[in-house]
Amino acid sequence: MIQPASFDLVILAAGMSSRFGGPKQAQPVGPAGELIIEYLAFDAMRAGFDRIVLVIRRDMENSFQASIGRRLEQQIDVAYVFQETSSGRAKPWGTGHAVLAVAYAVSRPFAVVNADDFHTASGYAALAAHFRATKTSSLPHYAFVGYLLRQTLSEHGSVSRGLCTTTADRRLEKITEVTKIEKTASGARYRDTQGTDQILTGSEIVSMNFWGLTPTVFPHLDRQFSEFQASIGLDPKAEFYLPTAISNLKTSGDVDVSLLQSDDTWFGLTYRQDLPAAQAAIQQLVQAGRYPAPLWE
């Protein structure tokens, strides 16, 4: 009997959590103290993912394993990868560099998600179906789960989002990274590099770093990261963003990228004030029968 394919889930957990004011990955959101990262693992396992690769900083290894890693290790195979920083730089190099860090540890199709972003089960199922349906070809075929911008805004401050341009047949054309997007009564707004306010309706498709990739992406990321480092000089805050890197590959014709849109509610922990809303959202999903309580029965 042919066994169904299995996949890796790469969870990016090396961020500094500066706007949250502490290690947000360790904040309990479930009724029995479950963490967002546990719900990520639960939904991914149901969709056919059988290993988690956690990208963390070396300085957080012991505390992360003690507070988070051991919880996951009781449920699924877990591997740890360190996102290194350069001498004199405290801040990690960004999500593109975080994914590049797993190149030696991942050899099959994999999903990418941020440790502090909650995506419901439908997204993992859609990515798994994409992996199973994609045939080997000369042009790698990736996918991402996109959301309506209005689903991803915070009531408590500005956010950064990758605004997506797509075709009528749901193919990615371009992603533009936009920072400091603020929610408004009619949608959202941000200020461009010229200092002009740009108005958004809220119906724009955005990337929340929920990707379906294959190991073919690693040589491309390696090349782009080298070019990025050469271009930024000594800027200590510059980041190599994964959505920008994938967008560059699409523009150059090196990959094809499908949009797998989710109508489910997304939520995450950007600010500490987001925590009560996240806890309430999980409670509603539990009451609706979407998750058991406690999660791991």
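Modeller: Let's start with Lys183, which is partly exposed at 41% relative accessibility (buried is under 20%, exposed over 50%, partly exposed in between, with a 1.4 Å probe and protein chains only). Bear in mind that this is a predicted model: local features need pLDDT of at least 70, side-chain atom pairs pLDDT 80 or more, while totals for chains, interfaces and linings use all residues. Residues are numbered from 1 along each chain as its sequence is written, and side-chain values use heavy atoms, leaving out hydrogens and water.

Lys183 has a salt bridge partner in Glu155, with 2.5 Å between the closest N and O atoms (the rule: a side-chain nitrogen of Lys or Arg within 4 Å of a carboxyl oxygen of Asp or Glu). Glu155 belongs to the loop between strand 6 (141-148) and strand 7, and Lys183 to strand 8, so this contact ties together parts 28 residues apart in sequence (helices are DSSP runs of H or I, at least four residues, strands of E, at least two, numbered from the N terminus). Glu155 itself is exposed, at 60%.

While we're in strand 8 (residues 172-183), have a look at Lys180, which sits there too. Its phi is positive, about 55 degrees, even though Lys180 is no glycine. Lys180 is exposed, with 61% relative accessibility. Asn209, in strand 11 (residues 205-213), also shows a positive phi without being a glycine, near 60 degrees, but Asn209 is buried at 7%.

Back to the charged pairs: Glu84 and Arg58 make another salt bridge, at 2.7 Å from N to O. This one links distant parts of the chain, 26 residues apart: Glu84 comes from the loop between strand 3 (77-82) and helix 3 (95-100), Arg58 from the loop between strand 2 (49-56) and helix 2 (61-73). Both ends are partly exposed, Glu84 at 37% and Arg58 at 46%.

Then there's a pair within one helix. Asp43 and Arg46 meet side chain to side chain in a salt bridge of 2.5 Å, N to O. They are 3 residues apart in helix 1 (residues 36-47), which means about one helical turn separates them. Asp43 is buried, with a relative accessible area of 0%.

Salt bridges can also join up into a network, and one here links Asp8, Asp50, Arg51 and Arg108.
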